[in-house]
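Welcome, and thanks for taking a look at this one. Here is a short briefing to read alongside the structure, grouped by topic.

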Amino acid sequence: MPQYNPTMGIMLALLTAVFWGALPIAMKQAVEVMDPFTIVWYRFITASVGLGLWLSFRKQLPSVKTLSVKNGTILFLASLGLAGNFVLFNSSLEYLNPPVVQVIMQLAPVMLLLTSVWVFKETLGRHQIIGVTCLLAGLLLFFNERLAELFTSFSGYTTGVLFAVLAAIVWVVYGLAQKTMLKHYSSPQILLMIYVICTLMLTPLAKPDQILLMDQRQLGMLLFCCMNTLVGYGAFAEAMARWQASQVSAVITLAPLFTILFVDLASLVWPAYFTPASLNTFGYMGAFVVVSGAMFCAIGHKLIRPRS
């Protein structure tokens with residue numbers, strides 16, 4: 001097993017944040033000509049093959065012979081959750097800019113935290129209550145220019161926000177199911193089984209020939225999305241094995257800030273293909289507060305001294 005190594009842990013966690021931050025930007029380009037189901041199908045089949053070869057090389061392929069009906073059902077729910085998250089995430093990018101989607105997705109780990117308190121009877125600390133409050137306040141700041149549109153009309157922007165919120169909700173289903181399965185399999189083994197199930201589920205809905213419609217830019221973005229699944233989740237799993245989970249979680253909350261940075265840089269280099277974040281001062285403040293709130297949920301207990 002990997003040894004505890006904080007330096008390697010923070011580097012892997014930062015790599016995860018960078019890859020996850022860049023993901024919606026690449027997705028936005030690929031979804032121009034390829035539907036969300038097909039993009040996700042390509043991502044899952046690439047991840048299945050890559051992770052399968054890696055686990056086979058390490059002689060750690062999961063055995064399904066001992067899989068009970070109960071655990072099989074949980075595994076299927078996890079697969080539905082992750083597949084739904086990927087498809088809804090992609091669908092939201094048809095209506096929203098990448099930074100908006102990435103900021104909304106910060107709801108996912110916070111909702112997982114709250115549901116874990118209910119399902120697994122975990123304790124909710126003061127720091128987590130403060131973090132959730134900051135996150136919600138940050139979302140109001142982030143959407144300050146579009147609040148009226150969000151709550152008074154059903155526009156394309158509102159549709160995109162709903163897709164992104166639903167993506168965060170179904171990711172919680174995946175997170176809870178995977179957490180339950182960790183009693184029986186390692187995280188990479190669970191991911192491999194989920195990737196394979198998701199690939200099979202999406203095969204009837206996928207249109208692989210859409211790849212022929214892509215130009216070199218869009219094809220490159222699709223390839224990056226496929227590799228992102230392997231590298232991002234792989235780096236995340238390795239970071240968790242080498243560093244404390246709370247600290248890894250805190251670092252990966254930086255992903256939305258990387259998204260805003262990358263999309264602004266890309267709009268300067270390739271203005272014909274990328275649109276800047278276009279946030280006002282309150283919007284940028286809101287993104288920072290959202291990230292800070294999610295980060296405080298993860299490591300706030302180290303900052304708040306317990307009462308004597």
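This is a predicted model, with an average pLDDT of 86 across the protein. A score of at least 70 is reached by 94% of the residues.

**Confidence by element**
- Helix α2 (residues 36-57) has the highest mean pLDDT among the elements of the protein, at 94.

- Helix α12 covers residues 255-269, and L261 is found in it.
- With 15 residues at 1.5 Å a residue, α12 should span 21 Å, and this agrees with its end C-alpha atoms, which are 21 Å apart.
- Several residues of α12 are buried, including A255, P256, F258, T259 and I260. V263, A266 and S267 are also buried in this helix.
- L261, in contrast, counts as partly exposed because its relative accessibility is 43%, which falls between the 20% and 50% cut-offs.

**Q210 in its loop**
- Look for Q210 in the loop between α9 (187-202) and α10 (216-242).
- Q210 is buried because its relative accessible area is 14%, under the 20% cut-off.
- A polar atom of the Q210 side chain lies 3.0 Å from the backbone nitrogen of D35.

Notes: Residues numbered from 1 in each chain as written. Predicted model: local features only at pLDDT ≥ 70, side-chain atom pairs only at ≥ 80, totals over all residues. Heavy atoms only, no water. Helix = DSSP H or I, 4+ residues; strand = E, 2+ residues; numbered from the N terminus. Buried < 20%, exposed > 50% of the residue type's maximum accessible area, 1.4 Å probe, protein only. pLDDT = per-residue confidence, 0-100. Expected span 1.5 Å × (residues − 1). Polar contact = N/O pair within 3.5 Å; in protein donor to acceptor, adjacent residues only side chain to side chain.
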